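Thanks for coming. I will take a few minutes to walk through one model, and you can follow along on the screen.

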Amino acid sequence: MTDPIRTEIMKHRLVSVAEEMGARLQRAAFSPNIKERCDFSCAVFDASGNLVAQAAHIPVHLGAMPLSVQACLESLSFAPGDVAIVNDPYRGGTHLPDITVVSPIFVEEESKPFLLGFVANRAHHADIGGMSAGSMPLSQEIFQEGLIIPPVKLMAGGKKNDDVWRLLMANVRTPEERSGDLQAQLAANHIGIARMQGMGARFGFQSLAADMDALLQYSERMTGRLIGQLPNGCYRFEDALDNDGFSPGPAVIRVSITIEGEHVTVDFSGTDRQRPGSINAVYPVTLSAVAYVFRCVLGLDIPANSGCLRPIHIIAPEGTLVNASRPAAVAAGNVETSQRIVDVLLGTLAQACPNRIPAASQGTMNNLTIGGWDQRNGRPFAYYETIGGGMGAGPHTDGASGRHSHMTNTLNTPVEALEYAYPFRIAQYALREGSGGKGQHQGGDGLIRTYQFLQPAEIVLLSDRRITKPYGLGGGEPGDPGRNTIKQSGAEKEVPGKCSLAVKAGDELIIETPGGGGYKKF
Amino acid sequence: MAIPDNHQHGSWIGIDIGGTFTDFVVYASHSQSLQRFKILSTPSNPAEAVLEGLLQLPHQVSRHIVHGSTVATNAILERKGARTALITTKGFRDVLLIGRQDRPELYDLFPSIPPPLVPCEWTFEITERLDYEGNIVTPLNEIELDAIIEELKAQKIQSVAVSFLFSFVNPAHERWVTNRLRAEGFFVTASSEILPEFREYERTSTTVVNAYVSPVLDAYLGQLEREMASTEFHILQSNGGRLSVTQARGHGVRSILSGPAGGVVGARYLAGLAGFNRILTFDMGGTSTDVSLVHGDIHVTSEAEVGGCPIRVPVVDIHTVGSGGGSLATVDAGGNLRVGPQSAGANPGPVSYGRGGCIPTVTDAHVVLGRLPTDGFLGGKMALDRDAANRALDELSDHISLPTASGLESRHCLALGMIQIANAHMERALRVISVERGEDPREAVLVSFGGAGGLHACDLARSLAIPHVFIPPMAATLSALGMLAADVQLDYVHTVMLPNDTPFEMLEQQTKAMVKQSEEDLHREGVSPEQAVIIRTVDVRYIGQAFDLNVPLMPQFREEFDRVHQERYGYCQEDAPIEIVNVRVRAIGRVTPPSILKVPLGAADATAARGEERPVVVSQGIQGVPHYWGDRLRPGHEISGPAILVLDDTTVYIGPADHARIDSYLNILIQVGASND
């Protein structure tokens, strides 16, 4: 049994390290994606690569970060002053724009170096090369999506590894911005290491290591007890993505959840095989979605760590949508399929504990990338954003309108910030009235966002729930699906959920995002 | 005309309206004397308590009142402001509803999002559009305003917010609409007047907040003025500066959160007198703890939020955590001991208050440890029930497996643990306000002035390696004193978004209008030019960055920006192009604060203040610890820990390794030992 007072105190101390790293990263970063939209996560790990404490940033990074650290541990040997970088989705990453930077925390004990653990942070970069500006392309294999970085050292012995740095910068569209963001990621780890070393010096390194272990045990115990409050049984559900942008037909995710005492088995057997388009989720994405769902449903009010996942057993067959094999394209797996995995898991659990589960939220992030050559300053630009939609209604509440749900919570870019920086204009940004599913409690409304292009540009859309609808619960109606429309020389035309387009000055793109599902028959 | 000076004009009265008490600090300039007292607050109409308190004072020819008011803040929290409408650019009527499209809690499947201050049916769009350079893309459709005005009248709208895209670059459209509405008799807030700064959601929210609270504040001030003729009223603003009522009434947003700001101003003043200019303020109350940073100047932020509404005016940077004397101790599903954020509040309060509370609180832990004397609470006015506290902790310790320590009972171990956990919460808050702002807490003094703070301050300072704790003698009314020490202070901002090669002279040119405005406003406050200080700064960032750093406007501002960036974030890019986002002007009229009597230091021997020894749990054992009575402490007295200091408004625990000294202003200055033992 762990010390219930000391563990509680160390819980606060360790999560405050992760939070301080986050504050540093956000303040120092370059791109709006990290600074304004907070699309990043910071965490502390023990010497075996177990996640000990993570600041509450982005759910999609929840379960996936430890796998990046473990991939680095497997392929590299660390010395003081080293920093590893990785984005390979098949080695602990999620999709290529998410770059993770991992630093070992070495301390001196009795004049010998002692590996106390790691700090790491992951940030979504606005571009990592590949076939489309913004690196969220309509791809059919991962090589089109950008530069793949296996675990390599960005810093060695406290010195910048210039070869790696130059190779990186030569492969991206906006190297100054990448360089600034990476510097900020290094600065975040730097402060994390210093904090952990300070704590080690104060409390003793061995006992700090023991504290980290106690925190993992505590989290495991708490998760188990809360699972124990759910009714035993086996529950099933399925839902689908519209398509993958290339081959026709829905992509179905099937799951069964078995609750047995303080343990859960989540089995994705029966889920469709991986597809040519990029809707394939690598295992870390699936793991994050599972971690997110149980965190919400159990009301787990402790910092996320690896202990929380120990009572949960996941079966995800290889080569499927939820555990893709190389070289499947994965860009949308992280942002779109992750949302559908959540929908499926919640739909399953709604049978076990209906009072805790809302109807489906918009179930997409509406990823939009706009790239091109800015004639105003003669520089290339790559802009990426995601758009909120309706949230599902609950047993006692209406769904919120115009919000990001589940696996993301990134901020929008202010219209006034965006128009300074990029050659297009926002003509409308409003709620899409009536799009939420009807019911005793209404689903939240989606959003309408209209872009007016002032110069030619290349657009990539990765969006879903344009055909399938966010489900209602208890007889509530589903939310309206989303719709993407292009206006060119006066003619209006609906375009698919996943597509790339070339636009001219004067063209307009209208994105209408899905509404949330309703709850109970009206 | 000279600056209104505490020394020259009759009596000065600082009033802080709190939830329970309204505090008064009265400074009579002729006798240089300070008087303080409390009146029970009257939340339904705060003016009643103010007027009642003023009646207790001798009538004087000349009275000046500076007060912090919760009127504006409460109007937002309770959604009881004016009937307010909003007019936006066509296509953007939902700007308040959408906000930044994020949800407040990541892991809450049923987020509750506070409704906007203006309901949908009172939000109107008008056809007009500017681009980012202020060029007209779509001309203003003036006709549309007629129908809107009709509807505003039909709906009996009192106050209108006008916020158009890019109005900070070119305010022409906003100005036209504003003038029309004012001519129709509406109270109007234009975004380009209140906050000419980019980011439409935050600017609109600030504009709406001002529109929503100003009429309420105006009515409140009107009542005070009617009933107290020949009294001059000033308001403490959220930036920690004071402002006359005449200028304050149209700018209600500036007085939001002014109450806590008063405490910081007071702490800065008293610590400054004693020679400390880097301080961390620590205000621990019953349900929450406020912390802030002063490094010469009070740290302000433009990122405040009240009741779900962002406000982008400068606000004293106060960080609050839900940890206080009333925080409840419980055991969670994983078996950990939790303290807070649930609180016993004022009612029923801690178990030892004997008002029906049964879950142990942090205050009860101190009672159990003997650190909070049962007979000295609130100056002895309220007896505490130690037996009840003991029983509550015994009950809880049956549900938790505690490590044992020799010589201590399990309730003592539990009590020590509760305090450590509460400290861990507050330590985190102090780190946010210092380390995350690039300040080293080890170079600061911890100034404790909350009722519950004295029992935690030394341990907390020890955890953060802060060498000294400072406890002012007027802790409970520090905020009201702060009102009297506040300078006149006005802040102005304008987004310019200028490129890398902008010459310094051009930036100077950009500040001209604001400087002129600030000089006029200072003049209206009675500040003479020689007493005015005008500070010009610029917000700069590397192109591509989304946040900026504020640096003084000087010829080498670029180098200064690189330097500050390096200092704050650990790197800079001297070759990267920058952009100048905002120019800012701060205008200050220095006020001579009330003088505080300085007493020569006497002997170090504090025997005269020493009461009996009582058993107290000191980290790992129980021992007899002397109690000292605050009213008998004299300048020069020195006390080595362990000791308990019983003051009127707080109790101070001095650990075995700590050493306290009373300075010539009756402040308690504690040198904090490195270890607990």
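Predicted model: local features only at pLDDT ≥ 70, side-chain atom pairs only at ≥ 80, totals over all residues.

Residues are numbered from 1 along each chain as its sequence is written, and chains are lettered from A and ligands numbered from 1 in the order in which they are written.

A word on element names: helices (H or I, at least four residues) and strands (E, at least two) are DSSP runs, numbered from the N terminus.

Chain B, then. Its domain assignment lists domain 1 (76-219), domain 2 (270-482 + 593-677) and domain 3 (488-589); such bounds come from an automatic or database domain assignment. Taken over C-alpha atoms, the centres of domain 2 of chain B and domain 3 of chain B are 39 Å apart.

Now look at strand E4 of chain B, residues 63-68. How many of its six residues are buried? Five are, so E4(B) is mostly covered, where buried means 20 or more other C-beta atoms within 10 Å of a residue's own, exposed means 12 or fewer, and partly exposed is in between, with C-beta atoms placed from the backbone. Strands count as paired if DSSP finds at least two bridges between them.

Two residues in chain B have a positive phi without being glycine. Arg199(B), with phi near 90°, sits in the loop between helix H6 (191-194) and H7 of chain B. Arg199(B) is buried, because 21 other C-beta atoms lie within 10 Å. Met497(B), with phi of about 50°, is in strand E25 (residues 488-498) of chain B. Met497(B) has 17 C-beta neighbours inside 10 Å and therefore counts as partly exposed.

Next, the contact between the chains. 54 residues of chain B are in contact with 61 residues of chain A, contact meaning that C-beta atoms, placed from the backbone, lie within 7 Å. On the chain B side, helix H3 (95-98), helix H7 (200-227), strand E22 (337-343) and helix H12 (410-434) each supply at least two residues. H12(B) gives the largest share, seven residues.

On to chain A. Helix H5 (residues 175-203) of chain A has 29 residues and spans 42 Å from first C-alpha to last, close to the 42 Å expected at 1.5 Å a residue; the expected span is 1.5 Å times one less than the number of residues. Just after H5(A), Gly204(A) takes a positive phi of about 95°.

Chain A also has an open sheet of four strands with mixed pairing, in the order E8-E9-E10-E11. Its edge strands, each pairing on one side only, are strand E8 (233-241) and strand E11 (312-315) of chain A. E8(A) and strand E9 (residues 251-260) of chain A are antiparallel, over nine bridges, with Arg236(A) bridged to Ser256(A).

Last, where is Pro327(A) found? Pro327(A) is in the loop between E11 and helix H8 (331-352) of chain A, and the peptide bond from Arg326(A) to Pro327(A) is cis, with omega near 0°.

Terms used. Contact = placed C-beta atoms within 7 Å.
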